Amino acid sequence: MLTPFQVRKLMKLFSMYDACNLGVLKLSDFERLAQRLSELRGWKPGTADYEQIMNKFLFRWGRMRAEVKEKVNHGLHSQIDLEEWLAYHDVVLADKTYREEIVGLAESVFNVVDVDDSGHLSKEEWATLFRVYNIPVIYVNETFEKIDRNQDGVLTKDEVLAMIQDFYYSTDPEAVGNYVFGPI
């Protein structure tokens, strides 16, 4: 059972995935996010890099729709509302294999946003991530200061992946990962 705090975090995540800002998630939201990420690198449709990031997002969409249909007992339809999103996460967060999916997608996004291929994200690259996911960039400075625990001015892939897992799984309101996408 999701805690009220987890529900708040998942509502934030829902709004990030709602790229078309319609209050429901559709295939077009996932395609739009993959396109925005591809534009950061200048990847065009048909290139291997573009198709790889698109396939990651389409896999996530497909899995979510199938899980909502099968485990949440809702019919298969072309959109997912907030109630279904929360019910879906209540089920999949208990599944250990889902953790691998989260890490895989987060790693792919990290690699795309790391536009200089340095192996870490600067504050400017973090701001780019916020723009891709429609998070107000006014929160970048505050967020980056909280999540850059060693204050070295960059976030390594391992740091980001650990924070993403905290965001999804932690019920501790003080966990650093809770701040990864700005205020909850």
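**Reading a predicted fold**

A: In this predicted model, the accessible surface of the protein comes to about 9100 Å², and 51% of that surface belongs to carbon and sulfur atoms.

Q: How many helices and strands does the protein have, and in what order do the elements run?
A: The protein has eight helices and four strands, and, read from the N terminus on, its elements follow the order α-β-α-α-β-α-α-β-α-α-β-α.

Q: What does the radius of gyration say about the protein?
A: A compact globule with 184 residues would have a radius of gyration near 16 Å, and because the protein has 16 Å, the value agrees with that expectation. Taken along the principal axes, the box filled by the C-alpha atoms is roughly 45 × 45 × 30 Å.

Q: What share of the residues is buried?
A: If we call a residue buried when its relative accessible area is under 20%, then buried residues make up 47% of the 184 residues in the protein.

Q: Where do nonpolar side chains tend to be in soluble globular proteins?
A: The general idea is that such side chains tend to be buried together. In this structure, the largest nonpolar core has 56 residues, of which Phe 57, Trp 85, Trp 126 and Tyr 133 touch the most other members. Among the elements that give two or more residues to this core are α1 (4-17), α3 (48-71) and α5 (96-113), and α5 gives the most, with eight residues.

Q: Which residues does Tyr 133 touch, not counting residues up to four places away in sequence?
A: With those neighbours left out, Tyr 133 touches Met 16, Leu 33, Leu 37, Phe 57 and Val 109.

Conventions. Residues are numbered from 1 along each chain as its sequence is written. This is a predicted model: local features need pLDDT of at least 70, side-chain atom pairs count only at pLDDT 80 or more; totals for chains, interfaces and linings use all residues. Side-chain values use heavy atoms; hydrogens and water are left out. The radius of gyration is taken over C-alpha atoms; the globule rule is 2.2 Å times the number of residues to the power 0.38. Buried means under 20% relative accessible area, exposed over 50%, partly exposed in between (1.4 Å probe, protein chains only). Accessible areas come from the Shrake-Rupley method with a 1.4 Å probe; for residues, only the protein chains shown count as cover. A nonpolar core is a set of buried Ala, Val, Leu, Ile, Met, Phe, Trp, Tyr and Cys residues joined through side-chain atoms within 4.5 Å. Contact means heavy atoms within 4.5 Å.
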